[in-house]
Amino acid sequence: MARPVKFAHVVYMTRRYEAMIAWYQDVFEAEIVNMDPAIAFLTYDDEHHRFAFANLDLMKPDGGGADDRGQIGVNHVAYTYGSVADLLATYERLKAAGIHPYWPVHHGTTLSLYYTDPDGNRMEFQVDACSAEEGKAFLAATDNPVGVAFDPEALVARWRGGEAEETMLVQPAGEPAPVPLAHGMT
């Protein structure tokens, strides 16, 4: 079984957007890599991001108050695999067990598959599409940090056909991927 090689990041949903960002900047001496009114990405090391914060006041303005624990809190945790082959082998193993991703998306920095466990906790299984430095530069410059959807079955066919990992890691052209309802941000 392919196993993740590292824990990558955590994404929080909050109604205290500015205060959360400031707290993580203070506690972890984190730097903002990309920030707009809806979402911010921060890091404290050579990873392109370790934390992201989703502003629920903007994304779900009618959803409750700052202490409504039904919406605020962890959105997902991410685990990095060592290769596209490991990620796709995991996809195939889980598919055979009846476990399917709810969102396949290429973020530009990562090629990612999102899953939910039986309690609805969200996990991102990813493989880095670039170096951490390239990822930071990408996040700082992009106007589409969400990314582009992809078809995992088509990617498996490319992998099984012997395509080089480097080409499978190139973000496909396309419109920004819609964020699925299962992701909890819409």
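Let's start inside: the largest nonpolar core has 18 residues, and Val84, Leu87 and Leu111 have the most contacts within it. Here a nonpolar core is a set of buried Ala, Val, Leu, Ile, Met, Phe, Trp, Tyr and Cys residues joined through side-chain atoms within 4.5 Å, and buried means under 20% relative accessible area (1.4 Å probe, protein chains only). At least two residues of this core come from each of H3, S7, strand S8 (122-128) and H5, with H3 giving the most, 5 residues. The helices (H or I, at least four residues) and strands (E, at least two) are DSSP runs, numbered from the N terminus.

Please keep in mind that this is a predicted model, in which local features need pLDDT of at least 70 and side-chain atom pairs count only at pLDDT 80 or more, while totals for chains, interfaces and linings use all residues. Residues are numbered from 1 along each chain as its sequence is written, and side-chain values use heavy atoms, with hydrogens and water left out.

Leaving aside neighbours within four places in sequence, Leu87 is in contact (heavy atoms within 4.5 Å) with Tyr81, Leu111, Leu113, Phe125, Gln126 and Val127. A second, separate core has 11 residues, including Ala54, Ile72, Leu139 and Met185.

Now turn to helix H5, residues 152-160, where Pro152, Leu155, Val156 and Trp159 are buried. Viewed down the axis of H5, the buried residues fall within an arc of 105°, so they line one face of the helix; the arc is that of the directions from the helix axis to the C-beta atoms. Their cover includes helix H3 (84-96), strand S6 (103-106), strand S7 (110-116) and helix H6 (165-168). At the N-terminal end, Asp151 caps H5, with a side-chain oxygen 2.9 Å from the backbone nitrogen of Glu153. After H5 comes Gly162, whose phi is positive, near 90°.

Ser83 sits in the loop between strand S5 (73-81) and H3, and is buried, with a relative accessible area of 15%. Not counting residues up to four places away in sequence, Ser83 touches Val127 and Glu165.

His49 lies in the loop between strand S3 (39-43) and strand S4 (51-55). His49 is buried too, at a relative accessible area of 6%. Beyond residues up to four places away in sequence, His49 touches Ala8, His9, Phe41, Leu42, Thr43 and Leu139.

Definitions and conventions: Buried < 20%, exposed > 50% of the residue type's maximum accessible area, 1.4 Å probe, protein only. Polar contact = N/O pair within 3.5 Å; in protein donor to acceptor, adjacent residues only side chain to side chain.
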